[in-house]
Amino acid sequence: MENRHYQIHYQFWFDKKDKMDFIIKVDPITIVMARPELENKPSWTRLEYQQCQCCPLSKEEQPYCPIAINIAHIIETFKDKPSYQKCVARCIISERIYQKKASTMEALSSALGLIMAVSGCPVMSLFKPMARFHLPFSTIEETIVRATSFYLLREYFAFKNHKVPDLELKKLHEHYETVKILNAGLLSRISGVHSNDSDKNAILIFHSLSELLSMEITTSLQSLERLFYPH
């Protein structure tokens, strides 16, 4: 049977002998990743363990948190890596290769953000189209442009389907407020995992981006307006 998944390959080099890597396989139709096979599922991956306040799932239909079960192997892999340890991170996709020298938490944040979007978590499903065109190691400005552009493209298709488009980004702002609740819940979920905090700080970076995006929307994207209408 033909493999329908496309792959996103992350590699981390800390020195010549210390290398870590993992492959994220994503279904191009559903934009949901193939769940890694785990011999032992950690207790903190169960849905009811520190379940996010915004979570619409029930343990009867989904025994495990979609995000937690998909990042468990990465949390285990990076648990001994300090947040500020420098590494060379590489992201390989079929079209091109991205590479950056960064702190472990910064590089890991890029991978975790992708996994959260394609994990099957219903709260994060809004970001699946954005994940389909993944841009690793993006700057704050790039993330703001991408997030708002993808959302407005979504609203264009809503308009085509005879729905009222949200051109003021009100629903996007509300969604990012919900994402902040999810980030807090995820941090609570992994807080008991003994590690050097690369994983937790990587999620904090993602949380900070959510905060900045909410702020940008409330100011009508003034930081970007000058690109189109310079004063």
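Me: What makes β3 and β4 a pair of strands?
Reply: In this predicted model, strand β3 (residues 86-92) and strand β4 (residues 97-103) are linked by seven bridges in the antiparallel sense. Two strands pair if DSSP finds at least two bridges between them, and therefore β3 and β4 are called paired. Within this pairing, V88 stands opposite K101 in β4.

Me: Why is N70 called buried?
Reply: The relative accessibility of N70 is 1%. N70 lies in helix α1 (residues 66-77).

Me: Which residues is N70 in contact with, leaving aside neighbours within four places in sequence?
Reply: On that basis, N70 contacts M33, A34, R35, P36, I115 and S119.

Me: Why is H5 called partly exposed?
Reply: H5 has 30% relative accessibility. Buried requires under 20% and exposed requires over 50%; the value for H5 falls in between, and H5 is therefore partly exposed. H5 belongs to the segment before β1 (6-15).

Me: How do you know that H5 touches residues beyond four places away in sequence?
Reply: Contact means heavy atoms within 4.5 Å, and therefore K25, V26, D27, P28 and A34 count as residues that H5 touches, with those up to four places away not counted. H5 and M33, 28 residues apart in sequence, have a C-alpha to C-alpha distance of 8.3 Å.

How values were computed:
Residues numbered from 1 in each chain as written. Predicted model: local features only at pLDDT ≥ 70, side-chain atom pairs only at ≥ 80, totals over all residues. Heavy atoms only, no water. Helix = DSSP H or I, 4+ residues; strand = E, 2+ residues; numbered from the N terminus. Buried < 20%, exposed > 50% of the residue type's maximum accessible area, 1.4 Å probe, protein only.
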